[in-house]
Amino acid sequence: MALTRIPFPALPTPPSWFPGHMTKFTRMLPTLLTRTDVVLELRDSRLPLTSINRTLEGALQKWRLERGWDPNDSTRRVINNCACERIIVLNKRDLVPEWGLEPFRRAMSSRFPDQQFFFASWRRPRDIKSLSEMLVNIAKKYPYAMELNVLVIGMPNVGKSTLLNALRNMGIKGRTPKALQTSANPGLTQALSTRLKLSLSPLVYAFDSPGVMLPFLGCGQEGAERGVKLALIAGIKEGLYDVEALASYLLYRLNILNPISPAYLHLLPSGSLPTSDIEEFTESLAQRMGMVRKGGSTDRRRAAVYFVRWWREEGGLVSASSALPPFSHKASEAFTQGWGFDLEWQLRPDELADRDHEQVIQEKMETCIDRYLANLETEDSSEANVSATQRKKQLALKEQMQRKLKMAARKR
């Protein structure tokens, strides 16, 4: 039995988490790019839009222009005497359904023709080999350059250090020690790494960088949802979110991805049906797992912790293994479909009549991307979409300017 109504959960106001090392790296980035030939920007495949750090965009665009790309045509290069490539690596591809990979890659390429998109997972040697060959081929295009320097950037916990270790093991023959420390918790890398050799001939070096969060996650429902999504992939420091809020949103998303047979069903007692009620879900899960407090009452909070941890460790693989949900039996009935946690659309069976399903999905994804870009533009132009800290700084600057104007007027 499918869920016919999946209500959006109440979400908390997003916290602010932007430690000093993130500010330091953001300021360093323009200088680092002057000696960078390739930018590998890692994003999480489960959040392919939310894990975009748009605060770094200005520095990246300036770098491209300085390296000779046409300001009026982002796909044309006027001066081409050194490498300048931006590759978007959508990491952890094994945690999203295979059927959406190619439609999403084409959808993003149509909207961002100046960027290359590549899906990868460190668990798949084929992906690492293909990415290593891509970097080597870029280096071979510029035989007079002594080396190719790669800068790896991205949000916290998207897998930058892990992917670099895999690239090193693929590119350097023989046994190579683990070069970079990795952790399941965000914020382990707090400074630019030393150069890591990825290839001997041609010479390719890479720098790992600290994960950089958005300084302000936003206001209203958009900001609240953005924060919860990043917390679910452990991209925000643990403890800043109540785990029951994360469990509530996770339940909502898994229901959207498959309202008929969501991935969590096998955690519940045999014969359980899909539910959108988080209290009912955690109660049932606690009973199934024997999570009981003193006095005999079920420990629903412990069940919520288990649910989120299960999804991070194995549940993502379970939900990614599902095929396209079966279409409705009624010719005119629209149903919700989703891919990852960022893309969601309504689909009518008649839209699929005599059409390639992959093409239809790509068009739906393009609409989702357009909506995302429009929302960003609205947020950026809204005066209300400013954090309390930013507002205080703006007021302080305004007062400082007023004092300077008064002093200048007195001197006259």
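Okay, let's start at Val150. Leaving aside neighbours within four places in sequence, Val150 is in contact with Val38, Leu40, Leu135, Val204, Tyr205, Ala206 and Phe207; contact here means heavy atoms within 4.5 Å.

Quick housekeeping. This is a predicted model, so bear in mind that local features need pLDDT of at least 70 and side-chain atom pairs count only at pLDDT 80 or more, while totals for chains, interfaces and linings use all residues. Residues are numbered from 1 along each chain as its sequence is written, and side-chain values use heavy atoms, with hydrogens and water left out.

Back to the core. Val150 is one of the residues that touch the most other members of the largest nonpolar core, along with Leu40, Leu232, Tyr264 and Phe307, and that core has 84 residues. By nonpolar core I mean a set of buried Ala, Val, Leu, Ile, Met, Phe, Trp, Tyr and Cys residues joined through side-chain atoms within 4.5 Å. Buried is under 20% relative accessible area, exposed is over 50%, and partly exposed is in between, with a 1.4 Å probe and protein chains only. Which helix gives this core its largest share? Helix 7, residues 243-257, with 10 residues. Helices, by the way, are DSSP runs of H or I with at least four residues, strands are runs of E with at least two, and both are numbered from the N terminus. There's also a second, separate core of 26 residues, and Ile88, Leu101, Phe117 and Leu343 are among them.

6 strands make an open sheet, ordered 3-2-1-4-6-5, with mixed pairing. Two strands pair if DSSP finds at least two bridges between them. Strand 3 (116-119) and strand 5 (196-199) stand at the edges with a single partner strand each, so one side of each has no neighbour in the sheet. On average, neighbouring strands here are turned by 30° against each other, direction ignored. For those angles, axes are lines fitted to C-alpha atoms, for helices over the stretch in contact, and angles run from 0 to 180 degrees between N-to-C directions.

Strand 5 runs antiparallel to strand 6 (residues 204-208), and 3 bridges join them. Lys197 has Tyr205 as its bridge partner in strand 6. In the loop between strand 5 and strand 6 you'll find Pro202, and the peptide bond from Ser201 to Pro202 is cis, with omega near 0°.

Is Phe117 buried or exposed? Buried, at 9% relative accessibility. Not counting residues up to four places away in sequence, Phe117 touches Arg43, Ile88, Leu90, Arg105, Met108, Ser109 and Phe112. Helix 3 (residues 101-111) lies across strand 1 (38-44), strand 2 (85-91) and strand 3, and runs at about 165° to strand 3.

Next, the hairpin. Strand 7 (residues 335-339) has 4 of its 5 residues buried. Strand 7 and strand 8 (residues 343-347) run antiparallel, joined by 5 bridges, and Gln337 stands opposite Trp345 in strand 8. There are 3 residues between the two strands, and Gly340 takes a positive phi near 65°.

On helix 4 (residues 125-140): 16 residues, reaching 22 Å from first C-alpha to last, close to the 22 Å expected at 1.5 Å a residue. The expected span is 1.5 Å times one less than the number of residues. Buried residues in helix 4 include Asp127, Ile128, Leu131, Leu135 and Ala139.

Most residues other than glycine have a negative phi. Asn157, though, has a positive phi of about 65°; Asn157 is in the loop between strand 4 (148-154) and helix 5 (160-171), and counts as buried at 15% relative accessibility. Ala234 has a positive phi too, of about 60°. Ala234 is in the loop between helix 6 (220-232) and helix 7, and is buried at 7%.

Last, the cysteines. How many disulfides does a search of the whole structure find? 0, a disulfide being a pair of cysteine sulfur atoms within 2.5 Å. Take Cys84: the closest cysteine sulfur, in Cys82, is 6.9 Å away, too far for a bond. Cys84 is buried, with a relative accessible area of 1%, and Cys368 counts as buried at 5%.
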